[in-house]
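Here's a quick tour for anyone meeting this structure for the very first time. Have a look at the model, then read on.

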Amino acid sequence: MQRGQRVLVHGAAGAVCEALLALGRLAGLEPWGTAQGAHAALIRQLGATPIDYQREDFTRVLPGGFDVVFDGIGEEGYRRSFTALKRGGLLCAYGYSAGVQAQRGMLTMLMWIARLYLWRWLPGGKRARFYSINVMRARHPAWFREDLERLFGLLATRAIQPRVAERISFDEVAEAHRRLEAGGLEGKLVLCPDLPSRRDRMPPQREPGPASQTDT
Ligand SMILES: NC(=O)c1ccc[n+]([C@@H]2O[C@H](COP(=O)([O-])OP(=O)(O)OC[C@H]3O[C@@H](n4cnc5c(N)ncnc54)[C@H](OP(=O)(O)O)[C@@H]3O)[C@@H](O)[C@H]2O)c1
């Protein structure tokens, strides 16, 4: 992406988008973010222009369209995100929360992704891709390592300051997935290998004893 380009991120109050907005700001982009109206102040704080997706139509907010749209929600199989692009713009899809929430089958989501690659043949020169950090790491481990080193560098100088919802131990990973799925977390859950398990941190529970005379 080039400095000054207009970028739209969906679910801008979420954890991934917070990272996208922070990095977009460092890259000199002009960020916009869709979120519920209640999150408008947070989106502004993150340096983006909020769009309340329950009241505004993001495909019409910017006449001419966005240079890039990042969509981790997949509402309507990414169709409206593709519409929101300017000629020659790029849609980067990276999730399908809307499909998961609607309990759509995995085959449906795979079809949404496959269709992204067919849209390049439509007039207008727009492009669409699906990004997966796991696929990227498997295909290009050196790129992944380089990115991670740069991110840790930015973290060390506090150029990026991610919100941390909670630091948890490794044995809480299943619970962490349940909490991520439920949504509504304020920032990221950070797995810390050195942290003792929650069970070891809690005071021991008393064993229930035999019922007393006063119990009914
Ligand atoms: N491809 C990859 O490499 C990769 C890596 C990590 C995560 N992901 C995916 O990225 C997506 C976001 O992850 P996250 O950790 O940022 O999630 P998150 O923290 O739960 O945030 C998601 C945000 O999306 C909004 N949202 C949820 N459902 C919506 C819907 N139906 N319509 C519009 N907005 C909706 C919510 O904002 P409001 O409350 O404002 O509506 C929420 O703040 C997930 O699909 C996840 O699986 C992909």
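A backbone N or O atom of Ile-133 sits 2.7 Å from an oxygen atom of the ligand. That's in a predicted model, by the way.

| Residue | Protein atom | Ligand atom | Distance |
|---|---|---|---|
| Ile-133 | backbone N or O | oxygen | 2.7 Å |
| Glu-75 | polar side-chain atom | nitrogen | 3.1 Å |
| Gly-14 | backbone N or O | oxygen | 3.4 Å |

How much of the ligand's accessible area does the protein cover? On its own the ligand has 920 Å² of it, and the protein covers 72% of that.

Now for the surroundings. There are 20 residues around the ligand, and the ones that come nearest are Val-16, Tyr-53, Tyr-94, Tyr-131 and Ile-133. Sorted by type, the shell has 10 nonpolar residues, 9 polar ones and 1 charged one.

Next, a look at Leu-46. You'll find Leu-46 in the loop that links α2 (40–45) to β3 (49–52). Is Leu-46 buried or exposed? Its relative accessible area is 13%, so Leu-46 counts as buried, the cut-off being under 20%. Leaving aside residues up to four places away in sequence, Leu-46 touches Ala-12, Glu-18, Leu-21 and Arg-25. As for Leu-20, it lies 26 residues from Leu-46 in sequence, with 9.9 Å between their C-alpha atoms.

Key:
Residues are numbered from 1 along each chain as its sequence is written. This is a predicted model: local features need pLDDT of at least 70, side-chain atom pairs count only at pLDDT 80 or more; totals for chains, interfaces and linings use all residues. Side-chain values use heavy atoms; hydrogens and water are left out. A residue is near a molecule or strand if one of its heavy atoms lies within 4 Å of it. A polar contact is a pair of N or O atoms within 3.5 Å; within protein, one must be able to donate a hydrogen and the other to accept it, and residues adjacent in sequence count only if both atoms are side-chain atoms. Accessible areas come from the Shrake-Rupley method with a 1.4 Å probe; for residues, only the protein chains shown count as cover. Ala, Val, Leu, Ile, Met, Phe, Trp, Tyr, Cys and Pro count as nonpolar, Asp, Glu, Lys and Arg as charged, and the others, Gly among them, as polar. Helices (H or I, at least four residues) and strands (E, at least two) are DSSP runs, numbered from the N terminus. Buried means under 20% relative accessible area, exposed over 50%, partly exposed in between (1.4 Å probe, protein chains only). Contact means heavy atoms within 4.5 Å.
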